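Hi,

Here is the structure I promised to pass on to you. Have a look at it first, and then read my notes below.

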Amino acid sequence: METGASSEPLTLPDAAGLGDRQIKDGMAVYQNKTDGYAVAVNPFEGGTQVLTVLGDSSAPTSFTYGVAGVGEEVVLEEDGSAGVIDVETGEPVAAIEKPWAVDANGVEVATRYVTDGSNLVQVVDHRQADIAYPVTADPKYFTCDAYTHLCVKFSKSETKKIRNRVDEGATAAIFAGVLCTGIPALIGKATCAAAVALVGTKLRKSFVSAAKNGKCIELHFFIPSGVLTRWKTVNC
């Protein structure tokens, strides 16, 4: 399963440790269960902002985002920003603005990006004297549909697996459960299942047709509400 613009995956820092999604002031907010920080996803015209709020000095000093897909690479720019490029062509796939971080008094906290080529890591040097918590750190990244949606593309085998469940006459709940397995934390399984239930019959037919013709299905979820606004059959 692929997410993001074209084939870019999108993962939040320590996604497995994040709690349930809550909507606050138009943002999707996730509280880390053990490490003293929260992640808020804030859409804006032309992109999406991730605000990571560090509650105290026990919070981590680095936060990892998965942003590069197969055949893509994260590169760091001289001005501190970052980008994702297609390795074969060298063409840009996505851009991530220069990071910033401030403490509770608005004082800048040193921050920078590092990368292993696949993941973008924001390092926040907050464990120093005279820091007033909470500290807020911010990368901005780009998704799909004019940067307003999260796109989830099922592989050919995944599309066939879901089609097979449909052929078995599974209930709408089982269909949604299979389809929403592995959906990124940015959306969440419960939100995905509710969104799929609204269009279940039509979406089932799309999976049957796509699997029959060797195609894949790509879902488009609006951020941060998680509403499934559309889907399409794509080559894979």
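The crossing of H2 and H4 is left-handed. Before going further, keep in mind that this is a predicted model.

To find the pair, look for helix H2 at residues 172-180 and helix H4 at residues 200-212. Their axes come within 11 Å of each other and cross at roughly 55°. That angle makes H2 oblique to H4, since anything from 65 to 115 degrees would count as roughly perpendicular and anything under 35 as roughly parallel.

Which residues make the contact? On the H2 side they are Ala 172, Phe 175 and Leu 179. H4 brings Gly 200, Leu 203, Arg 204 and Phe 207. Sorted by class, the contact of H2 with H4 has five nonpolar residues, one polar and one charged. Arg 204 belongs to the charged class, and Gly 200 is counted as polar.

Cys 180 lies in helix H2 and Cys 192 in helix H3 (residues 189-198), so the pair ties together parts that are 12 residues apart in sequence. If you turn to the S-S bond of Cys 180 and Cys 192, the torsion about it is about -80°, so this disulfide is left-handed.

**A sheet of three strands**

Now for the strands. Three of them form an open sheet in the order E6-E12-E11, with antiparallel pairing. E6 (62-66) and E11 are the edge strands, and each pairs on one side only. On average, neighbouring strands of this sheet are turned by 25° against each other, direction ignored.

Take the E6 side to begin with: E6 and E12 pair in the antiparallel sense over five bridges. Ser 62 stands opposite Val 123 in E12.

E11 and E12 make a hairpin with three residues between the strands. What is the phi of Gly 117 in that hairpin, positive or negative? Gly 117 takes a positive phi, near 100°.

Cheers

Definitions and conventions:
Residues numbered from 1 in each chain as written. Predicted model: local features only at pLDDT ≥ 70, side-chain atom pairs only at ≥ 80, totals over all residues. Heavy atoms only, no water. Axes fitted to C-alpha atoms, helices over the stretch in contact; angles between N-to-C directions. Helix = DSSP H or I, 4+ residues; strand = E, 2+ residues; numbered from the N terminus. Parallel < 35°, antiparallel > 145°, perpendicular 65-115°, else oblique. Left-handed = near helix turned anticlockwise from the far one by under 90°. Contact = heavy atoms within 4.5 Å. Pairing = 2+ DSSP bridges. Disulfide = S-S within 2.5 Å.
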